[in-house]
Amino acid sequence: MAEVEGGAAPGGQPALSGGSAGSEDAQPAEKRAAQGDAARKEAEAAEEGPATDGGPRSHSAAVSVSSPDQFKIRRFFVLRPGTLNQAIKDVEALVDKEVDGSVKSTWLMAEVDHWNNEKERLVLITEFSLLVFKYDFVMFNCEQFHRIPLNFVDRISHGTFTFPKHSLLQREGEGVRVFWDRLREPSFTSRWNPFATDLPFMTFTYHPVRNINDTLAALCDIQKFREQLWDAAQKVHTMKPVPGKANGVLVLNQPIQIEAYVGLMSFLGNQNKLGYCMARGNIGF
């Protein structure tokens, strides 16, 4: 199932040195105003800090955002110059040509698990597989990945998120859920285990940086992702049908339900974006 970059985490304001009080009072008001403007610009530059030298910079997209959200958005490590380009190279190097075939498209998205926890993901659609990567944008390292053969994908649903009637949780926006085992329902144990990884589906939604620029908007477009995934899966169903399974992929436009009720862990995690590689004060994780 391709997740360009901004400044480093803000540091403290530098101390601004000047002359003695007497000489400063003697300066014209216009000159002092000009010096004040220069000092403010210097402080803003110091807050942005130097860009990390994490990868190639040739295809980096400039980050241009406004409003108080500017500081919050800049904290995503994926926005630092060259970071996303390097990450894509790293995950593409893990593609097994014999098993997966060639890469068709790359996406930057957020996975929403069955307990409503949001997690940053790079996703590749290849000729024969859907590959979902957990990538560390701080250390430039792929921590784990999930391979789903496209000829096992049998349903793709898309729509707004919903929760059970008495749930205290809520989630805005739309998502896409990919199913690959129509005959297997999640067990009771898996449903109530927040760390379960044996569920026969995965759910994706937009990455928070999608509105930065056109490049990121294309990488984070879950509707285009859905269309390309359906097309790729349909082709593989024809080429490599699975015995005992119905061929073809059913696309459903319906609400995506997350069966979580209280979810204090997901509430705190999502509010603080703990599922993303971000600068958090002097610590990034």
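Visitor: What makes the approach between threonine 205 and the backbone oxygen of glutamate 174 a polar contact?

Guide: In this predicted model, the backbone oxygen of glutamate 174 lies 2.7 Å from a polar atom of the threonine 205 side chain. The cut-off for a pair of N or O atoms is 3.5 Å, and therefore this pair falls within it.

Visitor: Where is threonine 205 placed?

Guide: Threonine 205 is in strand S7, residues 201-205.

Visitor: Why is threonine 205 called buried?

Guide: Its relative accessible area is 6%. Buried means under 20%, so threonine 205 qualifies.

Visitor: Which residues is threonine 205 in contact with, leaving aside neighbours within four places in sequence?

Guide: Met109, Ala110, Val112, Phe161, Arg171, Glu174, Gly175 and Ile222. Contact here requires heavy atoms within 4.5 Å.

Visitor: What about phi of phenylalanine 140?

Guide: Phi of phenylalanine 140 is near 55°, again positive in a residue other than glycine. This residue lies in the loop between S3 and strand S4 (141-149).

Visitor: Why is phenylalanine 140 called partly exposed?

Guide: Phenylalanine 140 has 24% relative accessibility. Buried needs under 20% and exposed needs over 50%; 24% is in between, so phenylalanine 140 counts as partly exposed.

Visitor: Which residues have the most contacts inside the largest nonpolar core?

Guide: Leu108, Leu122 and Phe137, in a core of 28 residues. At least two residues each come from helix H4 (83-92), strand S1 (103-112), strand S2 (118-126), strand S3 (129-136) and helix H7 (214-219). H4 gives the largest share, four residues.

Visitor: What other core lies apart from it?

Guide: One of 23 residues, including Ile148, Val153, Trp180 and Val249.

Visitor: Which residues of H4 are buried?

Guide: Thr83, Leu84, Asn85, Ala87, Ile88 and Val91. They pack against S1, S2, S3 and H7.

Conventions. Residues are numbered from 1 along each chain as its sequence is written. This is a predicted model: local features need pLDDT of at least 70, side-chain atom pairs count only at pLDDT 80 or more; totals for chains, interfaces and linings use all residues. Side-chain values use heavy atoms; hydrogens and water are left out. A nonpolar core is a set of buried Ala, Val, Leu, Ile, Met, Phe, Trp, Tyr and Cys residues joined through side-chain atoms within 4.5 Å. Buried means under 20% relative accessible area, exposed over 50%, partly exposed in between (1.4 Å probe, protein chains only). A polar contact is a pair of N or O atoms within 3.5 Å; within protein, one must be able to donate a hydrogen and the other to accept it, and residues adjacent in sequence count only if both atoms are side-chain atoms.
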